[in-house]
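Dear colleague,

Please find the structure below for your review. My notes on its aromatic rings and its ligand follow.

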Amino acid sequence: MEKPLDELVRLQGVGMVYQSSRDGERVEALAGIDFSVRRGEFLTVVGPSGCGKSTLLSLIAGFAAPTSGSVLFEGRPVDGPDPARGVMFQEYALFPWRTVAGNVEFGPFARGVDAATRRARAQTLIDLVGLKGFERRYPHELSGGMRQRCALARMLANEPTLWLMDEPLAAVDLQTRIILQDELLRLWGDARAGAQRPTVMFVTHGIDEAVLLADRILVLGRRPGRIKEVLEVDLPRPRAALRGSAEVARLTAHLWELIRDEAAQAIAEETQ
Amino acid sequence: MTGGMTRPLSRRARVLLPLSVLLVVLASWEAAVQATRTQGLVPHPGGVLWSGAQLTANGVIFQAMSGSLARVLIGFLFGACVGIPLGLAVGAFGTLDRALRPVLDALRSIAPIAWIPMAILWLGVRGNAALFVVAYGAVFPFIVNSSQAVRQVDRRLLSAARALGAGRWVMLRSVLLPSALPMIFTGARIALAFAWASIIAAELAVGIKVAGHGRSVAGIGQLMVETLYVKRDVDALVFYMLVVGLVSFAIDAGLRRVQERLLPWKSH
Ligand SMILES: Nc1ncnc2c1ncn2[C@@H]1O[C@H](COP(=O)(O)OP(=O)(O)OP(=O)(O)O)[C@@H](O)[C@H]1O
Ligand SMILES: [Mg+2]
């Protein structure tokens with residue numbers, strides 16, 4: 001099996017300690033992360049609640065700097081966010097004062113792309129994510145699934161090299177999630193060959209989702225988050241056809257084995 | 001759910017019932033005043049109607065109203081021009097907040113109307129004193145709401161905008177400002193209500209207009225003082241009170257409409 005080995009993101013000894021400004025309490029969210037994200041791969045990230053998955057993504061996005069180690073993107077240290085690294089959040093984070101079209105246009109608008117070009121690009125993406133006819137709606141008028149389509153189109157409008165997605169489908173119902181998984185794969189290029197695909201880093205709590213979408217699965221352990229395991233998913237693409245298949249079920253069961261105890265412990269700690 | 005154990009009223013009854021109660025009250029009020037011969041001391045509906053018609057016909061009410069409204073508008077605009085930038089800055093920069101808070105809190109605690117004697121001393125009674133009081137009262141709701149709006153901006157929206165490539169200017173104009181706008185608008189409604197309440201109080205306190213100085217425009221408050229002390233027309237007084245209430249209702253309703261037009265993303 002041929003995989004592009006070129007690395008897009010490199011994490012070297014990355015650690016992150018949050019310090020509360022109120023009581024000075026320290027929370028170690030990540031420790032000793034050494035990892036590389038390959039160009040063009042679909043990487044899913046799983047791990048118990050609070051293990052630092054969102055923190056990892058926000059370090060790569062450039063929202064925060066690690067307290068130790070370094071984060072490299074295309075060989076250069078990350079300092080601050082960049083349109084090349086697109087971000088999608090669990091809670092949509094759409095601009096409520098902008099319509100669907102206005103939200104999708106925001107990236108090109110912020111980067112000074114002229115109005116005609118960005119309108120055209122926004123319209124293309126709106127059609128692509130299936131929001132045709134909803135261009136003039138405001139986010140509060142949309143369903144959860146439609147909001148996430150809009151957030152996806154907004155991220156894609158900047159044509160980012162890396163898609164950083166933090167539980168983007170966690171808030172939608174199961175049927176919508178299945179449909180959106182398929183569409184996400186289609187937009188990413190599930191049916192195309194590997195090299196020209198964008199790179200995706202996709203955090204999820206759904207272990208079946210993690211298996212179905214991924215080329216590789218990054219499994220993080222309990223706080224402070226460390227790398228517990230990296231699983232290769234050697235299943236053929238396109239993946240939509242494999243939904244519910246025996247191979248996927250087997251890998252899902254294996255993944256569950258890996259994280260079950262830690263998940264239970266994390267819950268026990270949280271409820272103490 | 002409403003109506004307790006009784007059946008819900010029909011649409012016609014819902015309109016007719018309160019209306020007829022109102023008519024009965026007004027009629028018995030009128031009759032009582034007529035019977036006790038207390039006209040001149042106690043207002044009565046007929047007199048209010050008559051005074052109202054006269055004051056409308058000879059334009060007195062419009063003149064007074066436009067004087068008051070002009071001052072409210074100027075004071076309100078002044079409050080917005082000073083209060084919004086100041087509030088945004090205070091909300092955005094913690095140091096500035098630290099530095100200015102004691103002063104702002106102290107000034108805010110002094111009721112605008114308490115400034116009247118000083119304002120009269122400095123600015124005279126020609127309407128400028130009232131204007132000062134109105135501007136003073138209007139500025140604080142703008143400061144408080146604008147600063148609060150900036151502090152409450154959704155951090156995720158800021159992150160999203162930064163990741164999409166927003167620089168400082170786009171951030172300020174296209175993210176911070178629109179997200180602060182609904183709350184600033186609420187501040188504007190409070191400011192306008194404040195301004196309208198304090199203009200009446202200020203004009204009452206300033207008292208009867210000084211005649212013969214062409215420049216002075218008497219407001220509704222001054223007109224009320226004159227009506228009380230010089231004309232002793234209780235019916236006209238009540239008419240003025242009704243107009244004052246009506247205008248403040250109309251102003252707020254108008255602002256609400258503007259808000260709906262300007263901020264269509266908010267479900268009001
Ligand atoms: N801004 C912050 N300040 C202080 N502590 C934080 C901050 N952000 C995260 N943390 C803490 O760091 C740890 C990791 O948080 P993070 O959100 O990265 O976990 P997560 O794996 O994304 O969790 P979940 O699965 O629940 O989304 C948690 O203990 C969290 O409380
Ligand atoms: Mg998270």
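Arg98(A) lies over the face of Phe109(A), 4.9 Å from the ring centre; a charge counts as over a ring if NZ of Lys or CZ of Arg is within 6 Å of the ring centre and within 35 degrees of the ring normal. Arg85(A) likewise has its charged end over the ring of Phe73(A), at 5.0 Å from its centre.

This is a predicted model, in which local features need pLDDT of at least 70 and side-chain atom pairs pLDDT 80 or more, while totals for chains, interfaces and linings use all residues. Side-chain values use heavy atoms, without hydrogens and water, residues are numbered from 1 along each chain as its sequence is written, and chains are lettered from A and ligands numbered from 1 in the order in which they are written.

Phe109(A) also belongs to a cluster linked by ring pairs, together with Phe95(A), Trp97(A), Phe106(A) and Trp265(B). Rings of Phe, Tyr and Trp (its six-membered ring) pair if their centres lie within 6.5 Å; planes under 30 degrees apart are stacked, over 60 edge-to-face and the rest tilted. Over all chains, there are 13 aromatic pairs. The ring centres of Phe42(A) and Trp188(A) are 5.2 Å apart with planes at 85°, so this pair is edge-to-face.

Around ligand 1 there are 13 residues, counted if a heavy atom lies within 4 Å. A polar side-chain atom of Ser49(A) is 2.8 Å from an oxygen atom of ligand 1, and a polar backbone atom of Cys51(A) is 3.2 Å from an oxygen atom of the ligand.

Yours sincerely

Technical notes:
A polar contact is a pair of N or O atoms within 3.5 Å; within protein, one must be able to donate a hydrogen and the other to accept it, and residues adjacent in sequence count only if both atoms are side-chain atoms.
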